[in-house]
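Here is a short briefing for a first look. Start with the view below, then read the points by topic.

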Amino acid sequence: MLRAIEWILLGAGSVAAILYGVHRHRPARRAPWFLLAGACAALSAGDVLYAYRRMDLADACYLAMFALVVVCLMQFTRDGSLLADRARLIDLLAFSCSTLLVVWVFVIGSAGQFGAVSAADVIGCLLLIGVAVRLVLADRRNVAAILLLSGAVGLLAGDIFYPLTGGSPVAESAYVVLYLCWGLSALHPTMVRLTEPRPPEPITWRVQWTVLLAASAATPPAVLLIEALTGEVRDGVVIAVTGALTLLLTITRLADAIRQHSAALSRERGLRTANTALVAAADPPAVDTAVRAAITRLLPPGSVSRVVLATDDGRLAAESVPRAPTGAGSRSWFAAGAEPDECVLVCPLRLEPLAVARPSGGALILTGRKEALTACRDTLEVLAGEAALALDRITLVAAIGRRDSDLYLRAVIRNTAEIMAVVDSDHRIRYASPALRDLLGGDELPPLTALDELVHPDDREMVRVKLRAQGDGSVFCALRRSDESQAFVEMTYRDLRDDRLVQGLVVTMRDITDRHDPFEQMPHPDHIGDLPAWVNRRSAQHKFRY
């Protein structure tokens, strides 16, 4: 009775420690830890039944415990977790399982060196230790993985020494180590890293690994056939358990390959559909719609709560997106989300395949579950590159259209006397009619000439204020000619900055120089002391010039 109470307390304490660790540290995937808690509960129930000499029920609980632990460790090695190369691990486990079967049946079992030691228990414990060792090698500083390995070693020691010593207290202490280590593994903060999402790595198909897996799956039937042909089948249970394990590993390996292939096809199909929609997009809102539709197809439903396509650095600054952390790649990076279970993935808009950022910047910002975003991180980076290409294509098409319109306008009004100019939002002259050149008395205007540079300094601030305001209007001002004289014009402008074809101000000018005092057309003196009468007269007339 006291022995049964002891096992109940150990099992309950281990299960409670695991559940508390999951609640406190909140790992990305909780299923492996719940399976581990179930394994501890099944082991405790088996020990209690064993204490009451209910051997059949105890063996059933031990078998359930082993099955739960196997599924738990396979969950720890699932795609996107700490262990990246799970396929190679499954192949090696299947080969080790079949090799241990052959060694036990044809070497150890026939000699009877281990008496009452269960071959199936030993083979299963060795496989658990192999998986735990692989987890420790993947992250040598992970205390939770080391504790899992220690618990598996304790299980192996108990399964070997307990039958050999006839149930001594020292051998039973190995099972106590199992309970303590597995319970403490969930309490350490490093348990989060065992299920932390990681991008899946593509695995190339190799003939030798396929042959190894096929040989491993064929070994248990071959051993059974050899025993049946040579005499009595003495190790039927061991062969059955090993064959089931090998079959489970083989099915898992094939399921992983099929799932990875299906995911790759889905991502390729989604990117192809998104590329078609982005090629057909005619404006930034259409690009935004195509990107959102692609994200809906690429990611599981409900995995993304917010999508923002910032087309320039100004919108990016408005979203308060954190900069890339030190050591992070320039293609994308993660940031903390507002909710504990969410994170933010920032994919800068980079021009593929040039791998350079857009001149205006921008980024694709997604908020959602980190596991889903990590699995599709490469795909989302490609989608951001396609969106960048579509946005730049739209910008270039619009620029070419404006250039063609300017060329057409220039060809049509080349011989007209009307003075006209098209000014961008930054007051740079995009197009000027030949009449403006004739008025100023110079050659062609240099590229990127600003309208402010042509206006007299006395009127420059007034013109800037007028042109910055929204809407149409007119203003009287003086232009500086190449000989430093002045040309007075009535400047009328139309605000077409919101027009997709123009995106600027259309300015027309009417020369009214003849209406003013001819002295005002003379060059400005370089020194204040020159021509004082002329300066005084101009100052007085300047008050009434319009």
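## Briefing

Tyr 50 is partly exposed, with a relative accessible area of 27%. Buried means under 20% relative accessible area, exposed means over 50%, and partly exposed lies in between (1.4 Å probe, protein chains only). This is a predicted model: local features need pLDDT of at least 70, side-chain atom pairs count only at pLDDT 80 or more, and totals for chains, interfaces and linings use all residues. Residues are numbered from 1 along each chain as its sequence is written, and side-chain values use heavy atoms, with hydrogens and water left out.

**Aromatic pairs**

- The structure holds 3 aromatic pairs. Rings of Phe, Tyr and Trp (its six-membered ring) pair if their centres lie within 6.5 Å; planes under 30 degrees apart count as stacked, over 60 as edge-to-face and the rest as tilted.
- Trp 7 and Tyr 179 form a tilted pair, 6.1 Å centre to centre with 40° between the planes.
- Trp 7 lies in helix 1 (residues 2-25) and Tyr 179 in helix 7 (residues 169-187), so this pair ties together parts that are 172 residues apart in sequence. Trp 7 and Tyr 179 are both buried.
- Tyr 50 and Tyr 162 form an edge-to-face pair, 6.1 Å centre to centre with 70° between the planes.
- Tyr 50 lies in helix 2 (residues 31-51) and Tyr 162 in helix 6 (residues 143-165), so the pair ties together parts that are 112 residues apart in sequence.
- Tyr 162 is buried, with a relative accessible area of 18%.
- Ring pairs link Tyr 50, Tyr 162 and Tyr 175 into a cluster.

**Overall build**

- The chain has 17 helices and 11 strands. Helices (H or I, at least four residues) and strands (E, at least two) are DSSP runs, numbered from the N terminus.
- Of the chain's 546 residues, 42% count as buried.
- The chain exposes about 28,400 Å², and carbon and sulfur atoms supply 61% of it. Areas come from the Shrake-Rupley method with a 1.4 Å probe; for residues, only the protein chains shown count as cover.
- Among contacts with a separation of 6 or more, 63% join residues 24 or more positions apart. Contact means heavy atoms within 4.5 Å.

**Nonpolar cores**

- The largest nonpolar core has 63 residues, of which Trp 33, Phe 76 and Leu 128 touch the most other members. Such a core is a set of buried Ala, Val, Leu, Ile, Met, Phe, Trp, Tyr and Cys residues joined through side-chain atoms within 4.5 Å.
- Helix 5 (residues 119-138) gives the most to this core, with 10 residues.
- Apart from this core lies another, of 30 residues, among them Ala 290, Leu 345, Leu 373 and Ala 388.
- Beyond neighbours within four places in sequence, Trp 33 is in contact with residues including Ile 18, Phe 76, Met 191 and Leu 194.

**Leu 19**

- Leu 19 is found in helix 1. With a relative accessible area of 40%, Leu 19 is partly exposed.
- Leaving aside neighbours within four places in sequence, Leu 19 is in contact with Phe 34 and Ala 37.
- Leu 19 and Phe 34 are 15 residues apart in sequence and 7.4 Å apart in space, C-alpha to C-alpha.

**Cysteines and a charge over a ring**

- The structure holds 0 disulfides. A disulfide is a pair of cysteine sulfur atoms within 2.5 Å.
- Cys 61 counts as buried at 19% relative accessibility, and Cys 347 counts as buried at 0%.
- The charged end of Lys 370 sits over the ring of Phe 334, 5.4 Å from its centre. This label needs NZ of Lys or CZ of Arg within 6 Å of the ring centre and within 35 degrees of the ring normal.
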